[in-house]
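This briefing sets out selected features of the structure shown below.

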Number of protein chains: 2
Amino acid sequence: MNSLFEAAAALREGAVSCVELTKAALESAARVQPHLNAYLAMMDEQALAQARQLDEEGARGRWRSALHGIPVALKDVYCTKGVKTTCASLLFAGHVPEYDAAVAEKLAAAGAVCIGKTHMHELAYGVTSNNPHYGPVRNPWNVSHVPGGSSGGSGATVAARSVFMAMGSDTGGSIRIPAAFCGTVGLKPTTGRVSRYGVMPLDFTLDHMGPLTRTVRDAAAVLQVLAGYDQRDDSSSRAPVGDYTPVRVGIKGLRIGIPETFYYERLHPDVAAAMDALGKLADSLGAIRVPVKVPVIAEINATARIILLSEASAALGPYLADRTKFGADILALFDQGRLLAATDYVSAQRLRRIQQREFNRAFEHCDILLTPAAPVPAPRIGQTEVDLGGGLMEDTRLAATRFARAINLLGLPALALPCGLSTGGLPIGAQLIGRAFDEATLLWAGAALEDGMSWRDAAPPVV
Amino acid sequence: MNSLFEAAAALREGAVSCVELTKAALESAARVQPHLNAYLAMMDEQALAQARQLDEEGARGRWRSALHGIPVALKDVYCTKGVKTTCASLLFAGHVPEYDAAVAEKLAAAGAVCIGKTHMHELAYGVTSNNPHYGPVRNPWNVSHVPGGSSGGSGATVAARSVFMAMGSDTGGSIRIPAAFCGTVGLKPTTGRVSRYGVMPLDFTLDHMGPLTRTVRDAAAVLQVLAGYDQRDDSSSRAPVGDYTPVRVGIKGLRIGIPETFYYERLHPDVAAAMDALGKLADSLGAIRVPVKVPVIAEINATARIILLSEASAALGPYLADRTKFGADILALFDQGRLLAATDYVSAQRLRRIQQREFNRAFEHCDILLTPAAPVPAPRIGQTEVDLGGGLMEDTRLAATRFARAINLLGLPALALPCGLSTGGLPIGAQLIGRAFDEATLLWAGAALEDGMSWRDAAPPVV
């Protein structure tokens, strides 16, 4: 079964049971764990008990949602009642929450079966998932490469086909980057669309919750379950929830904006080739590619950086007294954040409003934007600089977040979508960016493009 | 004529013309200017031209609103097209805006006649209106005392009966403090209720726009004209606009919360006596005084202070290179703001949400809160400490803002209402605090209390 949708159909047809799907997921996750290190904790007992209950309900003809009986996983930032939730940090090594995050609650109510907590970049503050305390997460396409981050375990376990969906969180690309590097779909919804209640915060105004899945339709089914107002989350929006199920009517006439600057610059040749092919696919489906002007994205990224450094240091400040508890990479970021002035942060938040208005003008001329999700395929574990081609090097973190980070500041929805493999056999990801709260158009366009691609029958070596 | 409402009635009856009212206002303002220094600029020509136009409209039976033909003034923070707008600062000494603030626009459209720009504390960053560049504004009740600030000229000109209404702005009490010290009504609406478009900012999240008037009903009429969404102001709210006209039905059964802590502590004896009398008046009108718990207000004030220092320094930072352009008092504040860390500011904004939730619990037990607007009557010009009685001294700025500042952070509407005179012949002000966007209840209760007070026939020496 290649998708959540296929699994849901098989469940309803009685071709498979929830317990069977759950067992298969647990076995797969356990089998590849020595290779991928994708999990920090497994939830075998709870998962099987839940699956049995869901089988009983199904037998009585009660199906909770499209997610009924579907094995999923949660990044270890989501609080899970009675199950250790550590953020892959030593700070919270013994932390067992007494309550579920809103996302965990909603997934359980919809019948999804959580089999475990996925490994990640320490405190969600990085892009490699190369964790100094719990070891690196590895990429199923090549275990000497990173899966991206911070939701690296979620990307790896979905790509390895252990679960149909794993939740990630995205502060500066942390869903889209592992999706791109692992060859999965990754959806970062609009700010306020999915509740952050019960998620250990990295950044109060940049954190977003969303799924990594094998297909775009699967992401849509998950968003349908998760979207909506939650009074327990200050940033939650009352904007009406859309119908996210992509309808199979093609994208003839859809105006796809191609940014004239920044997003198609300094690309690894394999990424450039894949984006070119994807653009031609869009043309062949009748979509209209239009060149659009965007503001100077490097400046938006700079604003996001000031806000992230400040807010992350404020969130974790109380813990910084004991420096032995942190990896060197994130300690450096926390230290930078503590040096920033309040006036810098206030000015950055003011600039953010202006940059939001300016960026949104792009949508006067198109319905969605199409960009690469990242300029390079997944780097090797430990690689601090990536080769953009011809020996042009860039810092790994800067390269990985280059196309993702601004979208968190802007609050817009973005969908990462696999669009090919590199000559080295690593996935390449595209990014669709939409208007605020218009996830429906993103998912519709993403599904149409996905339908047009054949490469995805390829499976990673580690499954 | 003692109120905007009486003047409006006289206009409609033909007992007076708009031109006559405007001339009287201009003459009064000019006559008392040497004593009060309430204005930075007069707008005689525009005002008279506008009044003539309004008389013509009235003669044709067209009355724009309750404010048609009513002379008003604007604090010098409101941009006025073609009229110097300086914020009482040397920085903007030659600043002539090319557009009107939203408030100026709306007032003009409603038929109010703006006769001039009122003097204020430098850059609206203080409570005395003792301006080092343009001289102190003086209190009409005693010209050796301050009118309060920062909207000191607005308080003075309304108290001196030159205009029926003057707009103020309130970041930490800057409408309510001059209202209390000058014996006028002052309304600080809910955050987002009145557009800040075209107002020179002091603080991006604490600034509020509102009127100073002679009566509560007059404030209601002005709010009715000004309330509503404005897309040009990021902080503007789409919450529905209420009907603010107080209905004369008394306040029997209204639950008036009396905070158990902070607000009735360290009061000047005359303020304590006036508040006691006001409480008894409320009882006699059938209202129910209920003791209510409030959070530790000193902590909320501390949060507000961090945010104000940070945001004000961010707003004016670019100008601080030339220190000769600033008074010593505000230079010290700007310098303090520049020393704060981004993490302090972020933490303060987080705390703000928590404090908002905690404070709002008070309204589970009452409809409005009744407190003093300030713990003392107006201090003398130059007085850096005020005597709370018996030689207990407090810094003037801290004392003046003590009961006002937290309400800006919380975003709640608050109405300052004169409630008596001190033994020294200076006004004393009460403060009503309401639920967010429930200005209607504040104005209703304020009008009922006002109707029960007789002292207000007293006029200040300078009129």
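Helices and strands are named here as DSSP runs numbered from the N terminus, a helix having at least four residues and a strand at least two. In those terms, A:Ser150 belongs to the loop between S5 and H5 of chain A. The model is a predicted one. Chain A and chain B bury about 1,600 Å² between them, and no disulfide is present, the count over all chains being zero.

**Interface between chain A and chain B**

- Chain A contributes 18 residues to the contact, and chain B contributes 18 residues.
- Carbon and sulfur atoms give 62% of the buried area of about 1,600 Å².
- Of the area that chain A buries against chain B, 33% comes from A:Asp234, A:Ala342 and A:Val346, more than from any other three residues.
- Four salt bridges are counted between chain A and chain B; among them, the side chains of B:Asp234 and A:Arg353 meet with an N to O distance of 3.2 Å.
- Six residue pairs are in polar contact between chain A and chain B, with both residues at pLDDT 80 or more.
- On the side of chain A that touches chain B, helix H9 (297-316), helix H10 (328-339) and helix H11 (342-360) each supply at least two residues.
- H11(A) gives the most to that side of chain A, namely eight residues.
- By class, the residues on the side of chain A that touches chain B comprise seven nonpolar, five polar and six charged.

- A:His145 is located in the loop between strand S5 (135-136) and helix H5 (152-159) of chain A.
- Because its relative accessibility is 12%, A:His145 counts as buried; the cut-off for that class is under 20%.
- A polar atom of the A:His145 side chain is 2.7 Å from the backbone oxygen of A:Ala378.
- Beyond neighbours within four places in sequence, the residues in contact with A:His145 include A:Arg138, A:Asn139, A:Pro379, A:Arg380, A:Ile381 and A:Leu426.

**Backbone geometry**

- The peptide bond joining A:Gly149 and A:Ser150 is cis, with omega about 5°.
- In chain B, a cis peptide bond joins B:Gly149 and B:Ser150, with omega about 5°; B:Ser150 is found in the loop between strand S5 (135-136) and helix H5 (152-159) of chain B.
- A:Leu123 has a positive phi, near 55°, and is a residue other than glycine.
- A:Leu123 is placed in the loop between strand S3 (113-118) and strand S4 (130-131) of chain A, and this residue is buried, with a relative accessible area of 4%.
- B:Phe262, which is not a glycine, has a positive phi of about 70°.
- The position of B:Phe262 is in the loop between strand S9 (255-259) and helix H8 (269-284) of chain B, where B:Phe262 is buried with a relative accessible area of 13%.

**Cysteines**

- The number of disulfides over all chains is zero; for A:Cys114, which is in no disulfide, the nearest cysteine sulfur is that of A:Cys79, 13 Å away.
- A:Cys114 is buried, its relative accessible area being 12%.
- The sulfur of A:Cys182 is too far from any other for a bond, because the closest cysteine sulfur, in A:Cys419, is 15 Å away; a disulfide requires the two sulfur atoms to be within 2.5 Å.
- A:Cys182 is also buried, with a relative accessible area of 0%.

Terms used:
Residues numbered from 1 in each chain as written. Chains lettered and ligands numbered in written order. Heavy atoms only, no water. Buried < 20%, exposed > 50% of the residue type's maximum accessible area, 1.4 Å probe, protein only. Polar contact = N/O pair within 3.5 Å; in protein donor to acceptor, adjacent residues only side chain to side chain. Contact = heavy atoms within 4.5 Å. Buried area = accessible area lost by both parts, 1.4 Å probe. Nonpolar A, V, L, I, M, F, W, Y, C, P; charged D, E, K, R; others polar.
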